[in-house]
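Welcome! Here is a friendly walk through one protein model, taken a piece at a time. Keep the picture beside you as you read.

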Amino acid sequence: MSKHHFVPQLILKRFRSESGELFYFNLDQPEKPIISRNPGTIFYFRNLNTLADRTQTREQQFGEKLDTPFDALLKRIEMANEHASTISLTEGERALAACFLYYQWSRRPTIVEDLLSNGSMEALDDGEKEAIRVLSEGMGSCDPELAEFLHNVRAMSLVHMNPDVVKDIQNRGLCIVRNETGQPFIIGSKPISRHVGLLHSITGETKYEVDQMCFAVSSNLMLMIGPIDLDGRVLKIVNAAAVRTYNKGVALQSRMIAGPDRNDIIALSNLLHRSKI
C-alpha cells in the first residue's frame with residue numbers, strides 16, 4: 001500500500017532544523033513522544049489518492065506534474081538575492097503556484113468532512129457539489145461497494161482542478177515573505193492560514209498592514225496570496241510574536257503539526273490538547 005502525503009515531502013523537508021531535525025505531533029496519537037521524524041513517515045495516509053481498482057493514482061500526477069516543478073520554482077525563489085525587492089514570475093510559474101495552492105487545499109484527507117461540516121461550498125463547481133451530495137448521503141454506510149465508490153469519488157472528483165478557482169488565485173497576485181525573526185514557521189496538516197499584521201519592505205523603509213491567506217513553504221519563507229498591489233514583491237516579517245500568532249492559527253486548524261524547534265511543537269501540542277477538550 002502506497003504512502004500518499006497530503007503535505008508533500010518537498011515542503012516537509014524545508015521545515016527541518018539546520019541539523020536535520022523535524023519534530024512532529026499528531027493529535028490523534030497523543031501518546032507518541034514528540035521526537036524528530038523522517039519527512040517520509042509523517043503527514044500521509046495509505047492509498048489516499050488511489051482509485052479503488054489500483055490502476056490509477058492522483059499521487060503520480062501530483063508528483064510528476066505539480067510537486068516536482070513546484071520544487072524547482074521554490075529553489076529559484078530561495079536562491080534569489082536576499083536584497084532583491086521583487087521576483088519576476090512568468091505566467092507559467094504563476095499558474096503553477098496557483099495550482100499547487102489549490103491542490104494543497106483540496107488534497108487534504110478531511111476535505112469531505114470539512115466541507116460537510118462548515119457548508120463552505122462556494123469554491124466548488126457543479127461536479128464537486130454533486131460529489132459532496134453523494135458522499136453526504138453515503139456517510140456511515142457499511143456497503144463495501146458503496147465504500148469503494150465513495151473512495152473513488154474522493155480520489156477523482158474532489159482533487160480535480162477547478163480552473164475558475166485557480167484563475168482567481170492567480171489573479172490575486174503572489175507575494176514572497178521572508179521570515180527574519182529567528183522564530184521558525186511550523187507546518188500543519190491544514191497549512192494554508194491567514195496572516196494578519198505588519199510586513200516590511202526589504203529595506204525596512206515601508207510597512208504594509210495585511211490580512212491575507214498565506215502558506216509557509218519552509219521555516220523561513222511564506223507565500224502570500226495577494227493583494228494585487230504587492231504582486232511579485234519580496235517582503236519580510238520581523239516580529240517573532242507575529243510568527244508565533246501565525247503558527248498558532250495553523251496549529252488550531254490542524255491535527256498534525258511539525259517544525260524544527262521541539263519546544264515550539266510541545267507548546268502548540270498543549271494548545272491543541274486544550275482546544276479539543
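## A glutamine and its partner

A polar contact of 2.8 Å links the side chain of Gln183 to that of Asp264. (A polar contact is a pair of N or O atoms within 3.5 Å; within protein, one must be able to donate a hydrogen and the other to accept it, and residues adjacent in sequence count only if both atoms are side-chain atoms.) This is a predicted model, in which local features need pLDDT of at least 70 and side-chain atom pairs count only at pLDDT 80 or more, while totals for chains, interfaces and linings use all residues. Residues are numbered from 1 along each chain as its sequence is written, and side-chain values use heavy atoms, with hydrogens and water left out.

Where does Gln183 sit? Look in the loop between strand 4 (174–179) and strand 5 (187–188). (Helices, H or I with at least four residues, and strands, E with at least two, are DSSP runs numbered from the N terminus.) Gln183 has a relative accessible area of 12%, so it is buried. (Buried means under 20% relative accessible area, exposed over 50%, and partly exposed in between, with a 1.4 Å probe and protein chains only.) Leaving aside residues up to four places away in sequence, Gln183 touches Ala240, Val243, Arg244, Asn247 and Asp264. (Contact means heavy atoms within 4.5 Å.)

## The chain as a whole

The protein chain has nine helices and 10 strands. Of its 277 residues, 51% are buried. Among contacts between residues at least 6 apart in sequence, 75% join residues at least 24 apart.

Now find the barrel: five strands close in the order 4-8-7-6-9, with mixed pairing. (Two strands pair if DSSP finds at least two bridges between them.) From one strand to the next, the twist averages 50°. Helix 8 (residues 240–252) packs on this sheet and touches strand 4, strand 6, strand 7 (207–218), strand 8 (221–225) and strand 9. The direction of helix 8 makes about 170° with that of strand 6. (Axes are lines fitted to C-alpha atoms, for helices over the stretch in contact, and angles run from 0 to 180 degrees between N-to-C directions.)

Strand 4 runs parallel to strand 9, joined by four bridges; Arg178 has Lys236 as its bridge partner, and Asn179 stands opposite Ile237. Strand 6 (residues 192–201) pairs with strand 9 in the antiparallel sense over two bridges, and Ser201 has Leu235 as its bridge partner.

An open sheet of three strands has the order 2-10-5, paired antiparallel. Strand 2 (23–26) and strand 5 are at the edges, each with a single partner strand, so one side of each has no neighbour in the sheet. Four bridges connect strand 2 to strand 10 (residues 256–259) in the antiparallel sense, and Phe23 stands opposite Gly259. Helix 9 (residues 262–276) lies across strand 2 and strand 10, at about 10° to strand 2.

## Helix 3 and the cysteines

Helix 3 (residues 91–106) has 16 residues, which at 1.5 Å a residue should span 22 Å; its end C-alpha atoms are 23 Å apart, which agrees.

How many disulfides does the structure hold? The count is zero. (A disulfide is a pair of cysteine sulfur atoms within 2.5 Å.) Cys175 is in no disulfide, and its nearest cysteine sulfur, that of Cys214, is 8.3 Å away. Cys175 counts as buried because its relative accessibility is 0%.

## Two backbone details

The peptide bond from Gly226 to Pro227 is cis, with omega near -5°. Pro227 lies in the loop between strand 8 and strand 9.

Phe43 is not a glycine, yet has a positive phi of about 55°. Phe43 belongs to the loop between strand 2 and strand 3 (44–46). Is Phe43 buried or exposed? With a relative accessibility of 1%, Phe43 counts as buried.

Terms used
The expected span of a helix is 1.5 Å times one less than its number of residues.
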